[in-house]
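Work through the exercises below with the sequence and the model in view, and try each task before reading its solution.

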Amino acid sequence: MCPKEPWDALARRFGSIEGCLLPQLNEQWNDIRFLDYMMVGDFQRDILKLQAHVNFCGIKLTDKNMIQKILSTFPLSSVILSNQYRIEVDNKIITTFSKLINLLQVAERHNEVLANNNARAPRKKKIPEANYGKDNKGKHPKEKKVKNVDSYSHAPYSRGDNNPRGRGQRGHRGRGHGRGGHSNTWT
């Protein structure tokens, strides 16, 4: 058996797959619109996937085709922005699909920041939360629990308590822990 024979058999079997996919891909190309997407990245993902499938079928989708697809399917609420991008494309400032997508993603991020900044009423300062940074895992989150060990009970201490470190320390080490062995700071 000649090595060419299996390749010819595969070509006969699967050679017409491009012809089967092309009508479906043309329909997808006609249906894809920039205004149908909430996020620029989602549109970019779908159009690049469509471009790869169309290129597989032997038809080349150029940057110019994809730029025109974006500009022709821009939302009506952004006509002014669409015209500004079209002017930049005509003046050869924007020459690639990736550059236009990057500009759209930057604009999208700026819009998110503006929306977040304008979420509260004008002339109202943001008030920090009262318990910001406080750890609420118990009454005293940084206190180390000391197990009640009777190993010191045989040693005589003043006033009959079993504390080897003296009055008020309760097994904590160091100074500055105040009465009861608790730190006065939460940091």
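A residue is called buried under 20% relative accessible area, exposed over 50%, and partly exposed in between, with a 1.4 Å probe and protein chains only. This is a predicted model, in which local features need pLDDT of at least 70 and side-chain atom pairs count only at pLDDT 80 or more, while totals for chains, interfaces and linings use all residues. Residues are numbered from 1 along each chain as its sequence is written, and side-chain values use heavy atoms, with hydrogens and water left out.

**Exercise 1.** Decide whether Trp7 is buried, partly exposed or exposed.

Solution. Trp7 belongs to helix 1 (residues 4-14), where helices are DSSP runs of H or I with at least four residues, numbered from the N terminus. Its relative accessible area is 62%, so Trp7 counts as exposed.

**Exercise 2.** Determine how helix 2 is oriented relative to helix 3.

Solution. For helix 2 (residues 17-31) and helix 3 (residues 40-56), the axes come within 9 Å and cross at roughly 150°. Helix 2 is therefore roughly antiparallel to helix 3, since angles under 35 degrees count as roughly parallel, over 145 as roughly antiparallel, 65 to 115 as roughly perpendicular and the rest as oblique.

Definitions and conventions: Helix = DSSP H or I, 4+ residues; strand = E, 2+ residues; numbered from the N terminus. Axes fitted to C-alpha atoms, helices over the stretch in contact; angles between N-to-C directions.
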